Each structure stands twice: as structure tokens, then as C-alpha cells.
Amino acid sequence: MIGRAVSGDRKALARIMTEIELGNEKISESLIGMLRGSSIVGITGFPGTGKSTIISRLAMEMIKRGQKVGVLCIDPSSPFSGGSVLGDRVRMSELGRQSGSFIRSVPTSGKNGGLGYFTVDLANALDVAGYSTIFIETVGAGQDEIEIHNIADVVVMVTVPNLGDEIQAIKAGIMEVADIFVVNKADIGPADEKVMELLALNASGNMPEVIKTVATRGEGISYLASAIEGYLQKDSRTRQEMIKSRLKQLVRYHIEYRLDRYLEGRDFEAMVNELLSGKGISEVISQAASELTK
Ligand SMILES: Nc1nc2c(ncn2[C@@H]2O[C@H](COP(=O)(O)OP(=O)(O)OP(=O)(O)O)[C@@H](O)[C@H]2O)c(=O)[nH]1
Ligand SMILES: [Mg+2]
């Protein structure tokens, strides 16, 4: 099945992804040895800031530049799931029909926060199938930013003019994980003010580039595509190092998956009784750990 996906069979790729989401570790494992080292671009930001619109435009731009583009949309509310206005859906389905792209929604159901247990495995599947640029869209809500930072080679944080509260969130830590800022919807408000505001947040450190866009009209998109490419080119890490950092997150996710499944529905009574009867905490935990790897 993997061989067929590598040679461009989209149905085989979709089947592989479904197997991954069902927890088929054999598939996840086989992919690891075959990774080509695609670039992973994280796109994060508050709901409705225009992430999906930006991705659909960026993807078309990247395809024009000779890339094959994969898109993973984490817990989408729009428009990959069809939750948005018609225009977006039409644009996204245009992208979906392009042979150079593959779009997949990733439900996070069951996982407590973060990006979903199998996001890295799904990105690996796209990588192995030859998608050279992989976008991961995630709604910025704290934990997600840290995780996307661990997985992606470059993180783009999307904001819009007139969204004041979000500056607080940015101050509170998103700053460290954003490599490029986008002020989208420059047509609806004081975008230049927003750009200045962002630049002022970090007078001393390595300020990420701030780019204005009007995604619905495609304005600023080619510039953003070049900024992303430029950032990736400047990165001094080797491909192998980049692959390793996303695999570290893969290992974490697989541990979390097993742990969460193990803990699900458990009332801990047996463990508590063992503690009461004098067993040590680490003894009780090691017993649980040995069950995790069964
Ligand atoms: N005026 C204007 N509207 C835009 C622009 N970019 C996106 N929009 C609109 O903003 C709305 C939300 O866009 P999406 O691309 O779905 O935003 P999102 O960040 O992916 O939203 P979620 O996935 O729900 O978090 C849609 O109605 C878009 O048409 C822009 O540059 N200007
Ligand atoms: Mg979206």
C-alpha cells in the first residue's frame, strides 16, 4: 500500500492515513525509514483570522513554484470541513482538485489538548508520498503553539487588525514560537498599526518578519511564500536534524496515546489498594508502565 502511495496513488495514501488514525503502528513504523524530509509549515492563529484562506492561496503559489503540497487541518471549523462561507469552500475544493495537492482534516477527538496523536505520522505519510511542502493548520490556543513549534520547520502566526486581546497572548509566549507573523485582512482595518504593534513587542530579540496580506485577494501571498522559503533556506539544521525533532514529538504522542488509552475508564481502585497495603508509588507505576508496552 505504501509503495502505491509513493507512486502517486491518492486512494492508497488516504487508506494509509486512515490506518494511521486507527492506531496501526506497523504503518507508522514503515514510514519512518522512508522519509524524504519535506518541509513542514505550521500555520497558527486565532479562529477566523484567515488561516485556511492563506493556506489555499499559498498552496497554489507553492505548486506554481514546483512543489507538491500536502495540507493537514487540525480540528477544522472551516472551510476544509465545509463550515465556512461558500467562497472559501469553492477555493479550497479547487485546491483539492489540483493534482499537486492533498488535503486532510485531522480530528483531535479523544486527545486532551494539542494537535492529535497521529499528526506527525500523517505528515510522514505525506512526506513519503512525495508532498514536498506540508502545511499544518492549527487554531492557536496555547498548547497547540508549542506542539506545532516542535513539529514544523517554520511557524507562521496569523493575526488581523483590530484584534487587541490577542497581543496579550502573543506577549505570553507565542512570540517565541512564531517565525513569521502575518497581519491578514489588511483590507478591513489599520494593518500598519498592527504591524508596528507587533514589531514593538520585541525591540531587542530576533524579531520575526511581519507580512501584510489580503488572503481573499491573494495580496502578499507570493511575498509570504518567498519569506517561508527564505526562512527554510537560512535554517542551519540539516534535514536529518529536522526529521529528528519531529520524530521526538511522534514518540511523545505515541506514549500519550498508550497512556491515555490505558488510563481511560480506570477507577484506580486496585492501585490505591496496593498503595494502602504498603506498596511504593514507583512500584505501582512500573506495573502500570509494563502494561503500557504490552
Ligand atoms: N476581508 C477579508 N476577509 C478575509 C481575508 N482572509 C480571509 N477572510 C475571511 O475570513 C473568514 C475566515 O477565514 P478562514 O480562512 O476560514 O479563517 P481560519 O483562520 O482558517 O478560521 P478557523 O479555521 O475557523 O480558525 C472567511 O470568511 C474568509 O473569507 C482577508 O484578507 N480579508
Ligand atoms: Mg481554518
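In this predicted model, 47% of the 294 residues of the protein chain count as buried. The chain has 13 helices and 7 strands. Its accessible surface comes to about 14,000 Å², and 53% of that area belongs to carbon and sulfur atoms. Of the contacts between residues at least 6 apart in sequence, 78% join residues at least 24 apart.

- The model contains an open sheet of 7 strands in the order 3-2-4-1-5-6-7, and the pairing is parallel.
- The edges are formed by strand 3 (101-106) and strand 7 (209-212); each has a single partner strand, so one side of each is left without a neighbour in the sheet.
- From one strand to the next, the twist averages 20°.
- Strand 2 (residues 69-74) pairs with strand 4 (residues 133-139) in the parallel sense, over 5 bridges.
- Within this pairing, T133 in strand 4 is the bridge partner of V69.

**Helices packed on the sheet**

- Helix 4 packs on the sheet and touches strand 1, strand 2, strand 3, strand 4, strand 5 (154-159) and strand 6 (180-183).
- The direction of helix 4 makes about 175° with that of strand 4.
- Helix 9 (residues 191-201) also packs on the sheet, where it touches strand 5, strand 6 and strand 7.
- The direction of helix 9 makes about 170° with that of strand 7.

**Aromatic pairs**

- A search of the whole structure finds 4 aromatic pairs.
- One of them is formed by F102 and Y131: the ring centres are 6.0 Å apart and the planes stand at 55°, so the pair is tilted.
- F102 belongs to strand 3, whereas Y131 lies in the loop between helix 6 (119-128) and strand 4; the pair thus links distant parts of the chain, 29 residues apart.
- Both F102 and Y131 are buried.
- In the pair of F118 and Y257, the ring centres are 4.8 Å apart and the planes stand at 65°; the angle is over 60 degrees, so this pair is edge-to-face.
- F118 lies in the loop between strand 3 and helix 6, and Y257 lies in helix 11 (residues 239-263), so the pair ties together parts that are 139 residues apart in sequence.
- F118 is buried, with a relative accessible area of 9%, and Y257 is likewise buried, with a relative accessible area of 12%.
- Ring pairs link Y117, F118 and Y257 into a cluster.

**Threonine 49**

- T49 is located in the loop between strand 1 (39-45) and helix 4 (51-64).
- The relative accessibility of T49 is 2%, which is under 20%, so T49 counts as buried.
- The side chain of T49 reaches the backbone oxygen of F46 at 2.8 Å.
- Leaving aside neighbours within four places in sequence, T49 is in contact with V158, T159, V160, L163, N184 and K185.

Technical notes: Residues are numbered from 1 along each chain as its sequence is written. Chains are lettered from A and ligands numbered from 1 in the order in which they are written. This is a predicted model: local features need pLDDT of at least 70, side-chain atom pairs count only at pLDDT 80 or more; totals for chains, interfaces and linings use all residues. Side-chain values use heavy atoms; hydrogens and water are left out. Helices (H or I, at least four residues) and strands (E, at least two) are DSSP runs, numbered from the N terminus. Buried means under 20% relative accessible area, exposed over 50%, partly exposed in between (1.4 Å probe, protein chains only). A polar contact is a pair of N or O atoms within 3.5 Å; within protein, one must be able to donate a hydrogen and the other to accept it, and residues adjacent in sequence count only if both atoms are side-chain atoms. Contact means heavy atoms within 4.5 Å. Accessible areas come from the Shrake-Rupley method with a 1.4 Å probe; for residues, only the protein chains shown count as cover. Two strands pair if DSSP finds at least two bridges between them. Axes are lines fitted to C-alpha atoms, for helices over the stretch in contact, and angles run from 0 to 180 degrees between N-to-C directions. Rings of Phe, Tyr and Trp (its six-membered ring) pair if their centres lie within 6.5 Å; planes under 30 degrees apart count as stacked, over 60 as edge-to-face and the rest as tilted.
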